[in-house]
2 protein chains.
Amino acid sequence: MTAVNARGSGSQHLPLTAVIPPELTTPEVMIDVDVLDRNIARMASATQARGLRLRPHAKTHKVLEIADRQLAAGALGLTVATIGEAEVFAKAGVRDIFIAYPLWVTAPQAARLRNLAQASSITVGVDSAESASFMGKNLGSDAGRIAVLVELDSGHHRSGVRPVEAATVARAAAAAGLDVAGVFTFPGHSYAPGMPTAAARQEDEALRQGADGLEAAGFRVKTISGGSTPTAGIEGDTAATELRPGVYVFGDAQQLELQRCVGGDIALTVASTVVSHHRTGPDEPGRFIIDAGSKVLGSDRPGWASGYGRLLDYPDATITALSEHHATVQWPQGTALPGLGDRLRVIPNHVCLTMNLVDEVSVVSNGALTGRWTVAARGKNS
Amino acid sequence: MTAVNARGSGSQHLPLTAVIPPELTTPEVMIDVDVLDRNIARMASATQARGLRLRPHAKTHKVLEIADRQLAAGALGLTVATIGEAEVFAKAGVRDIFIAYPLWVTAPQAARLRNLAQASSITVGVDSAESASFMGKNLGSDAGRIAVLVELDSGHHRSGVRPVEAATVARAAAAAGLDVAGVFTFPGHSYAPGMPTAAARQEDEALRQGADGLEAAGFRVKTISGGSTPTAGIEGDTAATELRPGVYVFGDAQQLELQRCVGGDIALTVASTVVSHHRTGPDEPGRFIIDAGSKVLGSDRPGWASGYGRLLDYPDATITALSEHHATVQWPQGTALPGLGDRLRVIPNHVCLTMNLVDEVSVVSNGALTGRWTVAARGKNS
């Protein structure tokens, strides 16, 4: 297995005076559409070259215009996390949607799934016999219109069953009238330094074992679905038939620090303004405050991260503290601080949270504002 | 100084079958309006008893109905963090608003401040001579309609100047035509175990020194504004004339763990459903997954916190991991796990982030759904 995403450095940035359109009021989420399109095309062709289908996770972006671009580049459908997200994309015409979550489907949720299945192919996750039976009961005679993939735990130890238990869940789902289509897993433990390759191997083993278990129990396995941007870039043989990366469209500071992308792949930044200089004395290292805080960046910060995000154009700076509307930037010693009112581009640690914080984003190309996109599925948590 | 908020235990909960209205789809933010009203009344009377004015920070809730309740209980006006938040509350009729942030006021932002000042009394923060001059220049002949408070650093080391520098900033503001009204500080370092009392003392010293500096420079100091829910409950003499607590309306897991409130003071919880059991073997401590993740709870987690939030009705459980739509709950050993489909109330670590994630909340009283409130200022980051 070889990493193909970490392509060394080579980021080419515009002159700093040009990167943030002057008409924007900060903080503002900016999507560089040229970088976005490059990321979408690269993942599409890499997946196709491996003979795999691509079903991007739309929880990352929640934007109809980006889903359109992914589907136009060859994605067979979308992945989402909630029924509410599925409703947004189905209404916009997406006809193949996988809700990659072990839903507990109550009667009102069954009615919504039934409605979704009128026009689109709908697949949901399941990871227990009880939840399969409960879903089947609430779907009633429509159960057969909903496909299910059994969720496997491939080492992340969140939801999902051990691969050896997959057939038990599948039998309960079939007994409840659901259409058992295969297995899926999310190798979330790939989000740590040195882990992507090992996690990809565990992901592959779990998928293989789970699929074998289903076939041994007499199921026809149509879909074997793997996930995650860190592991999608690990080449090599795989049991998977489809991949569900999400973050690859934008990149973020986590992917940068995991060396799964480089600065030139970053399609989303938060335009911010230097609002305060903080100097407590001559020996104090230089630091300042920008107006992008946790309410626009999100506050995910894994223990291994260098800080609460990065500055795209100043890789040696670190963000050492985050409040709701302030980020504290530690500047390299011996370097002149930016002036009050200067504007900087922040790379969030986890871009899925950033997109879920704003109703609209600014679209830029070569430093010029070209439009605004609505974050149509923002906040659709249920 | 005596802590008055930590009133020992004594939470009286409804029977668990009744606490989450059955018609709610999870995850859903619920406001217990009876607890909310009690919290609002208690802070109003405690502040009044000390002869202080109350200017609650509305960034916590962003809800017009809650602002109305705070003003009806005697608050003299509101605090907000951004011009956008001020616009929402001013449009709803709030006539006295302090934007407690060191704004860098560009020409478009000056136009918005000017517009706000047509109908409401508008005060903004300032913490440098440069930003005061820049704001004054962009406001032009309207500068005198905007009041400013000089921000002081009382130990949090975020924005704000040292108290000895306050007069320098005030002179620049006056020279720029702005109406210098006094000083303010936010003792954010009170958010740590054992810190509220010490931080309250530093806050008081900074306010006193800053105000003295302004008076010595010939300014008439009308407002000396302190902040924070942890320090607002510390009684005793203070230089402050007004307080700006925010979180007290709801409480949250941080305030619980700082012993600034008890379970019975928690007015906001996230209704969630157990969707997955995770058992990797007989010796594995019991844990399970609920459907409230970082996209509804927020992911703030200070190093001293027990986890990513708490369960209101199960104080011995901990939330050990958080994904976007999953929380991993570690259950006390030897106790039966809740069943799949059971519903639990989660207390977020930092409630200001939770409110900024949802467009609407459910209002409950005695376990019954009584209405829905719009989070009118959600996402108004600029």
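How many of the 7 residues of β4(A) are buried? In β4(A), 6 of the 7 residues are buried, a residue being buried if 20 or more other C-beta atoms, placed from the backbone, lie within 10 Å of its own. This is a predicted model, in which local features need pLDDT of at least 70 and side-chain atom pairs count only at pLDDT 80 or more, while totals for chains, interfaces and linings use all residues. Residues are numbered from 1 along each chain as its sequence is written, and chains are lettered from A and ligands numbered from 1 in the order in which they are written.

View 1. Strands, which are DSSP runs of E with at least two residues, and helices, runs of H or I with at least four, are numbered from the N terminus; two strands pair if DSSP finds at least two bridges between them. Strand β3 (residues 78-80) of chain A runs parallel to β4(A) and is joined to it by 3 bridges, with A:I99 as the bridge partner of A:V80. Together with helix α3 (residues 83-91) of chain A, these strands make a right-handed β-α-β unit, where right-handed says that, with the strands pointing away from the viewer, the path from the first strand over the helix to the second runs clockwise. Between β4(A) and strand β5 (residues 121-126) of chain A, also parallel, there are 5 bridges, and A:I97 stands opposite A:I122. The crossover from β4(A) through α4(A) to β5(A) is right-handed.

**View 2. The open sheet of chain B.** In chain B, 8 strands with parallel pairing form an open sheet in the order β2-β9-β8-β7-β6-β5-β4-β3. Because β2 (53-54) and β3 (78-80) of chain B stand at the edges with a single partner strand each, one side of each is left without a neighbour in the sheet. Two strands of this sheet, β2(B) and β9 (residues 242-244) of chain B, are joined by 2 bridges, and B:R53 has B:E242 as its bridge partner.

**View 3. The contact between chains A and B.** Counting residues as in contact if their C-beta atoms, placed from the backbone, lie within 7 Å, 51 residues of chain A are in contact with 51 residues of chain B. On the side of chain A that touches chain B, β10(A) gives the most, with 5 residues. Since 100% of the interface residues of chain A are also interface residues in chain B, the copies meet through the same surface.

Key: Contact = placed C-beta atoms within 7 Å. Buried ≥ 20, exposed ≤ 12 C-beta atoms within 10 Å, placed from the backbone.
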